[in-house]
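Here is a briefing on one protein model. It covers ring pairs, charges over rings, a sheet and a helix.

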Amino acid sequence: MKRIKAKLTRPRHFELFEEELPALGDHEVMLKMVSVGLCHSDIPAYSGTSAMGRHPLGFEAMVKELQYPMGLGHEPVAIIQEVGRKVTKFAPGDRVTGVSSECFASHMILNEQKRLIKTPDMDKPLDACLGEPMMCVTNILQAAKPAFGDHTAVIGCGFMGLLTVAGLKNKNLGSLTAIDFDEERLKLAEKYGATERICPANEDLQSRMMEITGGKGFDVVIEITGSLKGLASALQIIKIAGRGKLLAPSMYTKNEVFTEEMAYNMMYRSPVIHAVHPWYCEDYMDTLKKAVESYARGIFPTEELITHRIPVTEINEAFRLLSENPKGYIKGIVTFD
């Protein structure tokens with residue numbers, strides 16, 4: 001059987017390849033891809049600057065010498081098409097999601113023990129059931145754990161930030177503040193549960209922090225802009241007395257400067273900083289399961305935040321949108337017929 005796979009053949013350029021799939025092993029499953037989410041963590045590889053890989057000593061690390069053609073994509077939603085004769089976890093027709101690598105392909109073959117789970121029965125779009133990014137948000141929420149009455153802020157109201165706001169929504173919080181330069185995204189944050197909003201283009205961030213928190217600063221700040229400017233903002237508004245919780249799930253891949261002001265704020269505020277990427281998670285599969293169930297139950301409004309569905313034949317346009325982040329873009333997915 002043949003498949004179509006999109007591969008990066010040089011920086012910022014994909015081509016489609018037709019490939020023969022190998023025979024299915026006893027413990028393997030064949031996936032027919034439904035959709036794959038577009039993720040900003042693939043931008044360094046797309047731009048040709050770096051990629052996720054392995055260090056010569058064996059651990060996962062950044063690699064700078066990229067090898068082409070290169071497969072990307074790690075947010076799959078698929079249907080099981082075939083199973084090996086000793087597979088016990090899945091059956092043909094099962095709908096699955098999770099995480100794998102090089103997913104921009106019409107079909108994939110994976111061992112059944114890979115990070116895949118069945119999606120529950122639900123009256124919601126299957127192509128929006130993006131297990132990997134929802135798992136990342138669930139991991140953030142489990143780490144944040146704001147206490148009763150805590151003032152909590154989310155900096156950056158893109159896809160991940162808005163899902164985080166939706167997951168944090170809780171009448172027992174002191175406040176839930178959304179911070180972004182885009183007024184339309186702030187309106188969405190209010191729709192999903194934010195009680196306060198700040199647009200730093202129109203108002204002073206620290207003055208509003210003092211007003212909302214009674215002069216104490218935020219107990220919990222989640223910074224998810226992907227820029228050190230967002231981290232600088234987080235350090236400006238975190239708890240003044242020290243030991244506030246600052247969560248940083250952002251992937252900082254831009255060449256930016258850590259400023260003197262950031263250094264002073266880090267010293268004076270002395271927050272506890274958590275780098276809450278997937279590797280922070282204690283039980284990946286349990287967290288993935290909880291994430292997908294949260295989508296099925298309507299806690300995560302993922303389907304409402306997918307603004308662009310792009311066929312794999314137009315994957316170059318998909319990555320242009322991802323890298324340029326135009327007005328109105330929140331989350332894109334690559335789709336397959």
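F319 is buried because its relative accessibility is 0% (buried means under 20% relative accessible area, exposed over 50%, partly exposed in between, with a 1.4 Å probe and protein chains only). The model is predicted: local features need pLDDT of at least 70, side-chain atom pairs count only at pLDDT 80 or more, and totals for chains, interfaces and linings use all residues. Residues are numbered from 1 along each chain as its sequence is written, and side-chain values use heavy atoms, with hydrogens and water left out.

**Aromatic pairs**

- There are six aromatic pairs (rings of Phe, Tyr and Trp, the last by its six-membered ring, with centres within 6.5 Å; planes under 30 degrees apart are stacked, over 60 edge-to-face, the rest tilted).
- F14 and F104 make an edge-to-face pair, with 6.4 Å between centres and 85° between planes.
- That pair joins distant parts of the chain, 90 residues apart: F14 is in strand β2 (residues 13–20), and F104 is in the loop between β8 (95–98) and β9 (107–111). Helices (H or I, at least four residues) and strands (E, at least two) are DSSP runs, numbered from the N terminus.
- Both F14 and F104 are buried.
- F14 also pairs with F319; the pair is tilted because the planes meet at 40°, with the centres 4.8 Å apart.
- Here the partners are 305 residues apart, F14 in strand β2 and F319 in helix α10 (residues 315–324).
- F14 counts as buried because its relative accessibility is 3%.
- Ring pairs join F14, Y46, F104 and F319 into a cluster.

**Charges over rings**

- The charged end of K7 sits over the ring of F17, 5.2 Å from the ring centre (NZ of Lys or CZ of Arg within 6 Å of the centre and within 35 degrees of the ring normal).
- R115 lies over the face of Y284, 4.1 Å from the ring centre.

**Sheet**

- Three strands form an open sheet in the order β2-β1-β6, paired antiparallel (two strands pair if DSSP finds at least two bridges between them).
- β2 and β6 (70–71) are the edge strands, each pairing on one side only.
- Strand β1 (residues 2–10) and β6 run antiparallel and are joined by two bridges.
- K7 has G71 of β6 as its bridge partner.

**Helix α6**

- Helix α6 (residues 228–237) is mostly covered, with nine of its ten residues buried.
- Among the buried residues are L228, L231, L235 and I237.
- Elements covering them include β11 (151–155), α5 (205–213) and α7 (260–269) (contact means heavy atoms within 4.5 Å).
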